[in-house]
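Subject: The two-chain model

Hi,

Here is the structure I promised to send over. Have a look at it first, and then read my notes below.

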Amino acid sequence: MTKAEQTKTDQTKTDNTKTEDIRAVTQSPLLQINDLSWSVANKAILKQLSFNINTGEVVGIIGPNGAGKTSLLRCILQYINNYQGKICFKNQDIKSLSRQFIAQHVAVVNQINDPVFKLSVSDVVRMGLLPYKSLFASETKDDTQTIAQALAKTGLTALKNEEFTHLSGGEQQRVLIARALVQKADLLILDEPTNHLDVYYQHQILQLVNSLKLTVLMTIHDLNLANDYCSRLILLDHGKIIADGDNDQVLQPTLLSDVFGLPCQQITDPITNTQKVYFMATTQQNKVIHEAN
Amino acid sequence: MKLTNISLLLFILTLISIGLALTFGAANISSTQLVQCLFSQCNSALNETILWQIRLPRVLVGFAAGAGLACAGAILQNTTRNPLADPYLFGIVSGAGLGATIASIGFNDQLNIALPLAAFLGALFSISIVFFIANFVQRIEQLLLAGVAISFMLGAITQFMLYIGEPLATNRVLFWLMGSLARVEMTQFYLIASVVIGAIIVILAYHQHIDALALGDENAISLGVNVNKLRLLMLALCAAITAVIVAYCGGIAFVGLMIPHIVRHYFGSSTLKLIIGSSFIGGCFLIWVDVIARSAVNNLELPIGIITSIIGSLFFLYIMLQGNRSHG
């Protein structure tokens with residue numbers, strides 16, 4: 001083998017190794033939760049949770065009130081950081097990452113209270129630039145274009161000068177999603193995105209989220225919406241993972257009956273031919289209400 | 001309206017206010033004489049002294065103090081998400097009052113230096129207590145309540161010292177607490193202006209971070225903002241602005257509360273517009289309050305703190321009634 005051939009072979013080997021490394025990185029989970037526990041005043045809220053989120057997945061966290069859904073998101077977002085266990089983002093312990101780095105890669109659509117002061121839709125969407133800007137940097141033409149594109153993609157161009165507080169709940173959620181687009185994040189986290197929204201806006205928001213082709217982690221109450229829009233579900237109860245997997249695996253009537261404390265049935269929607277879960281109110285519930293009154 | 005247009009308009013308004021305010025006072029200086037004095041030669045030495053050593057420092061300090069107090073109020077409101085936050089709420093003026101009282105009673109000889117210095121140290125003392133408490137509070141509302149409690153505590157100590165102190169010292173402190181620009185000099189303008197301008201530059205650097213707080217602390221954290229550090233930095237800047245103004249001008253209430261309220265109404269609440277609007281409008285407001293203070297009553301100078309309090313309280317009653325009418 002000539003020297004040139006040897007060099008070429010070495011180069012090919014190096015390239016193959018690099019490709020394998022890149023594949024290993026891209027194939028490794030975007031978010032890894034290992035043995036996560038968190039307690040408040042000796043009360044365990046999250047109990048040894050472990051799961052991964054892979055790139056491209058739309059994962060819904062479901063469960064009854066008090067199951068620990070929002071606490072889990074708050075730990076991932078580092079609003080809570082006195083937890084036990086490890087949360088890794090892109091193979092790095094999230095605690096070791098700067099706030100700015102996290103903000104460049106993870107965007108959040110939170111449940112928000114109305115702001116006290118007036119802010120326009122553009123003002124709120126523009127906040128998405130913050131993780132990329134140094135202190136005295138001004139807005140560039142590219143930034144303006146990014147904002148305009150995000151507004152267009154979320155159907156907000158006509159509302160850009162409106163006051164944020166004057167918008168409906170669904171429109172406010174869209175503004176926050178537009179801000180997430182400006183953030184150019186890899187992972188979008190949504191906390192109860194359909195809360196307080198009517199049926200039209202519930203579907204509009206979730207369709208929008210799905211159309212963005214991002215990796216998504218959301219908490220969601222409506223199990224049928226979760227089934228329609230998520231590619232994978234994680235069922236939580238009392239801070240523990242009860243089920244994690246494909247929607248059909250998780251939305252088992254017996255499992256849901258146990259967790260939600262109500263008789264549950266699965267029926268096939270005659271129009272869409274998809275599975276729907278249906279809970280039946282019990283006389284026991286009415287009895288509890290009467291006794292409380 | 002675009003920010004550059006707003007800034008230009010307010011700058012012109014400021015120049016007009018400064019020019020007109022220089023013509024008011026006990027001595028009669030016409031606008032022609034004023035232009036002559038400013039841009040070529042004064043026709044009399046007396047006019048030159050009055051203009052350069054009395055009126056100009058007074059007008060400039062009035063502008064800097066008004067701008068500083070309005071900005072301090074605006075930034076406290078935006079960082080605490082509370083439209084009623086004001087430098088006075090954090091006990092800064094009560095601390096300054098206590099310092100001034102101690103100086104008046106204890107250092108009668110060098111009062112020109114001792115009083116502003118003690119007032120400044122008193123303001124820093126009160127804000128240090130608020131900072132100390134800030135380490136233990138969970139919510140921003142608790143910090144505001146702590147500020148109110150400290151304000152009352154220091155106020156009570158001041159009143160006790162005045163009650164048992166000699167009447168002359170008591171009078172001096174009471175007049176100082178009412179606020180006045182009568183004794184200001186050009187050196188004080190340089191000091192106040194450098195603190196106010198320095199603080200405004202830092203605030204403007206962080207304007208987007210402060211805006212991110214508007215939708216809640218967690219919202220700001222998710223955008224990469226270190227909320228606690230930002231809030232402490234802004235509190236420190238407001239304390240520095242207020243302390244240096246209170247030390248030389250005494251107590252001037254309501255500017256920090258009222259001006260940002262007006263600016264929000266016309267320009268919106270984004271920090272950039274709010275700070276630029278509050279600086280110019282707050283500055284012009286205090287210039288004109290000072291004009292009223294020295295020309296409303298013949299041969300009597302009114303304390304500006306009294307005038308700002310009257311205007312401020314009437315303004316808030318008006319806002320409240322307007323609000324009721326629009327809701328009713």
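Two residues are in contact here if their C-beta atoms, placed from the backbone, lie within 7 Å. This is a predicted model, where local features need pLDDT of at least 70 and side-chain atom pairs count only at pLDDT 80 or more, while totals for chains, interfaces and linings use all residues. Residues are numbered from 1 along each chain as its sequence is written, and chains are lettered from A and ligands numbered from 1 in the order in which they are written.

Let me start where the chains meet. On chain B, 23 residues are in contact with 23 residues of chain A. Helices H9 (207-212) and H10 (217-222) of chain B are the elements that give two or more residues to the chain B side. Helices (H or I, at least four residues) and strands (E, at least two) are DSSP runs, numbered from the N terminus. That side of chain B has eight nonpolar, eleven polar and four charged residues. Ala, Val, Leu, Ile, Met, Phe, Trp, Tyr, Cys and Pro count as nonpolar, Asp, Glu, Lys and Arg as charged, and the others, Gly among them, as polar.

Within chain B, helix H3 (residues 45-80) packs against helix H11 (residues 227-249) at an angle of about 150°, their axes 9 Å apart. Axes are lines fitted to C-alpha atoms, for helices over the stretch in contact, and angles run from 0 to 180 degrees between N-to-C directions. H3(B) and H11(B) are therefore roughly antiparallel (angles over 145 degrees). Residues of H3(B) including Val61(B), Leu69(B) and Ile75(B) meet a set in H11(B) that includes Met234(B), Ile241(B) and Ile245(B). By class, this contact has twelve nonpolar, three polar and one charged residues.

Now to chain A, which has eleven helices and twelve strands. Six of its strands form an open, mixed sheet in the order E6-E7-E8-E3-E9-E10; two strands pair if DSSP finds at least two bridges between them. Strands E6 (106-109) and E10 (240-245) of chain A stand at the edges with a single partner strand each, so one side of each has no neighbour in the sheet. On average, neighbouring strands are turned by 15° against each other, direction ignored. E6(A) runs parallel to strand E7 (residues 187-191) of chain A, joined by four bridges, and Val106(A) has Leu187(A) as its bridge partner in E7(A).

Best wishes

Note on methods. Parallel < 35°, antiparallel > 145°, perpendicular 65-115°, else oblique.
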